[in-house]
Amino acid sequence: MLNIQAVTKRYGTLTALEGVSLQVETGEFFGLLGPNGAGKSTLMSLVAGLRPADAGTLTLDGAELRSAAGRLALGLVPQHIALYQELSAEQNLRIFGQLYGLRGAVLRERVDEALAAVQLADRRKDPVKNFSGGMQRRLNLVAALLHRPKLLLCDEPTVGVDPQSRNAIFEYLERLNRGGLTIIYSTHYMEEATRLCSRIGVIDHGRILAEGTLDELLTRLPFEEEIRFAAGAPTETLTAALAGQGNLETVDGVHRFQPRADYRLSSFYTLTESLGLPARLFTSQRPTLEALFLHLTGRTIRE
Amino acid sequence: MHILLTLLGKDFANLRRNRGALVLTFVVPMVIIYIVGLVFGLGRSDNGPSGIPFAVVNQSDNPAAQKLVAALQAEKSFRVITTCANPDKTTRALSEADLRPMIRDRKFSYALVIPPDVVSDERLGLHLKFLSDPRNDIESQMVNGLLQKTIFSNVPQLLGQALQARAKKFLGSPKLSQFNHGIASTVAQAFGGDPAVIERDMQQGNFGLDALGSGSAATGGKGEPAGGDIFSKLVKIDAEQVVGKDVKSPAATRIVGGYAVMFLLFALSNASAAFFDEKNSGVFQRVLSTPVTRAQLLWSRFLYGVLFGLGQLMALFFAGHLLYGVDVFGHLGNLILVCASVAAACTGFGMLLSAVTRSPDAARSLATLLVITMSACGGAWFPISLMPDFMQHIAHFTIVYWAIEGFGAVLWAGNSLVQLLPILGVLLGTTAVVMTIAIWRFNRSAIFE
């Protein structure tokens, strides 16, 4: 569906994207995961046709994305609340619907559907500025769906949203995706990418570092489990004993032990038992995207 | 104390980083002080008005009338015009018949005719004709005052001649000669001098009235000569208002346009600065992700500005009509045309500001600076003839000047559409140039990034 080939974008001397290639298939929920400044928003803006690439091509079902047909096929949920604050929810939706070419009864019907979908039908006449942050986010999202696009671009749509509203947005997006809508979702929250996305691209410094399903990505890690325990006096002897058995890193005062592939977890617990360390000090978990990002870049996604 | 200093330091650091606030705090007041100072003669070697176009037609062969023309030419406040161009580009002396059409065509606003009977035995004093288009009230008062001053200062001989002619009519030539001879002898005996010379001076009208002239240099605050009543008795001026005599509310008609365009410029500059607010809120990006093009976005903004400006200007003129009786309905069609053209030029100006600045604060600060400067230089506050020559030249490059010209042409002079075309051409030409630059800049500026 979406084909991005060797795309490069520069701002003066800054290279925001370099040789980015991606394919997103129909019905996918594709996550674009990376820290702030990684190039996510730039890539989203190129896909949305807001600016041209310096090199490379972007096509949607074979059509140029910057063409009118390309624009009609996609909806953009910007990072900010991109709504006219003084106007009512209904007026905002009518304006964006009209910009997408909707008129008359169809427009009225779509606006009604959209307002109902995000539980704002009873507030349709209220100015957007009077809405809570979560309500504005929901309206921000639904404004991109009026024309029923084939591809929805969500550029960090939950920034600054309370957990309850975030959950509502997730559920709505999942419902849309189940209904066949292809979604590209950029975020720097690994939990969001993990929960929502069927496939994820990890981006940093304008390059795609890895791409695949969550399972595919995690197989890139040289370990299958990660054991975490607090750094400090009680576990000092353990850290010494683990030398050579795998990778041991300390992040925010927490040791992360990623054992070698041939290291048995039972060996670890035998060792802790012999050292008199209670099992409650340790948590074993499946590797996360955070570990993957650390593995790929040598730093955490928050740095 | 430390906390106080920290908070104080924070405020100054904020101010230092806020260029817009710095411009509004320091630059704008300085510009206003400079312009107003120039208007009131501060720092100028040539304080007072300068270069007011003033046509003079001398139909008299009296040498003193020639002297009056020379005196008017020497007056730096006037740019005396005595000739006009023929269709074949040659020049000829102006005639009285030329004056009225040329005043209507805004070639000049004031003209003096020195008729053959400038000195006559039919009346006491001089007879002059003064034609005017008092579109600008302050300028008109100044011209009247300057004209009186020039007559008193430079040609009292004409007054003396007028007295001699009048006396000759009532006494007869022999008796007047006898009278002059007796007076000359008495003066010579009492104060000394050659009685023959004194008598000749009297016959030529030279009664020593020059002393009046030296005193009359001090004019009243409103341009009236110190001896206004004496002047009106000694000089009979047939005043004819060539343009605007049917205007119902002259004062309001003069001032509404200038202030209206100034506030329109402020409003549109603010509206254009809102471009940045839309960009920062992401609305721009959302709109541009739809099938809307940049050109559509910019032109819709332009059209909005034109309609908004037209609405604001017409509302202000209607207010002028309701409050002061400005005749709006008598010229409605042409007024709408001029207002639309002014609104287009002002919108283009506002959009150019958005295109060349990088933030709403910068746009608003620059707008304030330019709008105030343009309003002051363009004649919204004072007649431009009160300003130094270089500022009068600058005025012609301001939208405010052409807007005021347009409003005056419609409401004051009642010009036809054809007569308005040059002004409309300047305003719409300005719009085209400014919008071209603005669109070119927009496509290279950060606003679409």
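Predicted model: local features only at pLDDT ≥ 70, side-chain atom pairs only at ≥ 80, totals over all residues.
## Basis

Residues are numbered from 1 along each chain as its sequence is written, while chains are lettered from A and ligands numbered from 1 in the order in which they are written. Local features need pLDDT of at least 70 and side-chain atom pairs count only at pLDDT 80 or more, whereas totals for chains, interfaces and linings use all residues.

## Domains

Domain bounds come from an automatic or database domain assignment. In chain A, domain 1 spans 2-218 and domain 2 spans 226-286; their C-alpha centres lie 41 Å apart.

In chain B, domain 1 covers 52-241 and domain 2 covers 250-448. Seven residues of domain 1 of chain B are in contact with seven residues of domain 2 of chain B (contact: C-beta atoms, placed from the backbone, within 7 Å). Helix H5 (residues 137-154) of chain B supplies the largest share of the domain 1 side, three residues. That side divides into two nonpolar, one polar and four charged residues (nonpolar: Ala, Val, Leu, Ile, Met, Phe, Trp, Tyr, Cys and Pro; charged: Asp, Glu, Lys and Arg; polar: the others, Gly among them).

## Interface between chains A and B

Twelve residues of chain B are in contact with 18 residues of chain A. On the chain B side, helix H12 (residues 283-289) gives the most, with six residues. By class, this side of chain B has five nonpolar, five polar and two charged residues.

## Chain B as a whole

Chain B contains 18 helices and seven strands (DSSP runs numbered from the N terminus: helices H or I, at least four residues; strands E, at least two). Of its 449 residues, 40% are buried (20 or more other C-beta atoms within 10 Å of the residue's own, with C-beta atoms placed from the backbone). Among contacts in chain B with a separation of 6 or more, 75% are between residues 24 or more positions apart.

Definitions and conventions: Contact = placed C-beta atoms within 7 Å. Buried ≥ 20, exposed ≤ 12 C-beta atoms within 10 Å, placed from the backbone.
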